[in-house]
Amino acid sequence: MERVGIGLIGLGTVGGSVARILDAFGERIGQRAGVELYVKRAVVRDVAKYGEFSFEVTEDLDALLDDDEISIVVELIGGIEYPFEIAKRVFARKKAFVTANKAMLAYHAQELLECSEGIPFGFEASVCGGIPIVEILRDSLVANEFEGFEGILNGTSNFILSKMIQDKYEFDEALQMAQKLGYAEADPSLDINGGDAGHKLLILARLAYGINATPEEILIEGIESVGLEDMCFADELGYVIKLVGIVKKEEDTLDVRLHPALVHKDKELAQVHGVKNAILLHGDCVGELFVSGFGAGGDVTASAVIADLVQVARLRNTGTCPYPPFGFFKIPQALRLKPREEIESAYYLRFVVRDEYGVLAKITASLAHFGISVNQILQKSSNEKAKIILITHKIQEHKIDLALDQIVTEGLLLQSPYKIRIQ
Ligand code: NAP
Ligand code: HSE
């Protein structure tokens with residue numbers, strides 16, 4: 001069987017799994033690829049940390065890039081600018097490039113597209129590990145125009161939220177467990193602050209709508225402010241709190257945002273627990289499609305990397321990719337990103353007040369002043385303090401913010417008010 005040499009840059013959680021799976025299951029993968037895929041060489045920062053492999057492990061990147069037996073280079077180191085420089089060097093050598101690096105793609109997708117110049121370029125592993133969502137959006141659902149989609153796109157944060165509500169773990173304890181299991185990023189703050197899921201959301205928005213936006217242009221909020229108390233109140237009201245990515249098309253506007261949201265327990269996304277990811281899509285031909293699977297971890301991500309390797313190996317005789325990596329030869333419609341002030345949602349609001357007559361009436365009067373209507377209410381009182389939780393009907397976000405400012409100014413609150421959108 002013909003052999004195709006692979007260069008691995010990074011041999012950590014994902015790179016280590018790619019090497020192990022190709023070694024253990026090379027034969028069955030080769031039967032589908034039509035060639036034998038083998039790792040020729042791997043590059044790491046510190047060789048001393050690594051044991052014996054059947055291939056050379058080195059710190060010499062040039063040796064890997066200049067190796068004529070390597071026709072596919074896989075970048076699995078993370079970061080943004082350095083891997084982008086590597087990608088450009090790979091394309092300049094006319095080698096195929098595969099990556100799991102969503103941060104680099106969120107900032108440099110357009111430039112990567114331009115410098116790939118038709119050279120095969122795969123990034124299935126960059127979004128939702130075990131769910132082949134890149135192929136679904138780019139190829140399988142090509143007949144569809146999308147009304148929008150929503151998803152749970154970060155395994156670590158979903159794991160943390162699930163452990164907190166189901167197993168009563170402390171936030172830090174759940175994060176440490178996710179790190180130990182290989183789910184978290186090298187810099188786990190990206191998992192917590194929504195950065196990682198925001199990067200993935202932009203890749204999906206580009207695949208579905210051809211939109212070219214950077215993380216700074218969209219609303220990204222993480223799970224740092226989500227506490228167990230609010231998760232329990234939400235539970236009583238029939239909701240769970242999830243970190244949700246949302247893309248919604250409204251005529252020439254695209255609402256793209258990533259933030260914690262209350263999701264009703266009856267909804268599919270509410271039932272996605274642990275390190276699982278999920279996406280709920282609405283296409284005009286296909287209707288509703290819900291996909292769910294493991295979103296992080298070495299083997300899960302390596303499975304997607306190897307899918308790209310097989311795809312590239314199947315193209316080896318042409319050396320070019322017959323389709324655009326992000327799915328569009330021509331972008332169908334220029335869409336403007338919806339500004340934050342125009343966001344419309346229902347809201348969960350929590351107020352901590354002195355348990356005195358008239359306080360609730362004043363809060364609801366301020367809400368009413370801005371046209372905000374209350375849908376559900378819950379109050380918990382202890383030690384002369386009351387926690388008032390309100391669920392509003394749908395309203396523009398700027399009106400909620402004005403109402404909260406007014407309530408703060410009235411001096412009714414013992415703590416800053418807390419707000420979460422409801423999906
Ligand atoms: P990791 O466990 O931290 O491994 C990183 C690897 O890259 C290590 O072998 C490291 O070598 C090497 N490396 C780092 N900087 C390098 C440099 N400048 N030059 C050469 N080698 C370098 O990371 P990971 O979890 O495998 O993630 C790798 C990529 O996959 C990231 O882009 C991440 O976002 C993405 N990803 C990860 C997952 C997941 O579940 N873990 C899922 C999807 C996508 P040393 O050990 O010598 O430093
Ligand atoms: N840290 C990421 C997550 C890895 O937890 O989802 C998968 O992209």
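1. Which residues surround ligand 2? In this predicted model, ligand 2 is surrounded by K102, N154, G155, T156, Y183, A184, E185, D191, D196, K200, G295 and A296, a residue being near a molecule if one of its heavy atoms lies within 4 Å of it.

2. Local features need pLDDT of at least 70 and side-chain atom pairs count only at pLDDT 80 or more, while totals for chains, interfaces and linings use all residues. Residues are numbered from 1 along each chain as its sequence is written, chains are lettered from A and ligands numbered from 1 in the order in which they are written, and side-chain values use heavy atoms, with hydrogens and water left out.

3. By class, the shell around ligand 2 has five charged, four polar and three nonpolar residues; Ala, Val, Leu, Ile, Met, Phe, Trp, Tyr, Cys and Pro count as nonpolar, Asp, Glu, Lys and Arg as charged, and the others, Gly among them, as polar.

4. An oxygen atom of ligand 2 lies 2.6 Å from a polar side-chain atom of T156, while a nitrogen atom of the ligand is 2.7 Å from an N or O atom in the side chain of E185. A polar side-chain atom of D191 also lies 2.7 Å from a nitrogen atom of ligand 2.

5. The structure holds 30 salt bridges, each a side-chain nitrogen of Lys or Arg within 4 Å of a carboxyl oxygen of Asp or Glu. One of them joins the side chains of E236 and K380 (2.9 Å, N to O).

Key: A polar contact is a pair of N or O atoms within 3.5 Å; within protein, one must be able to donate a hydrogen and the other to accept it, and residues adjacent in sequence count only if both atoms are side-chain atoms.
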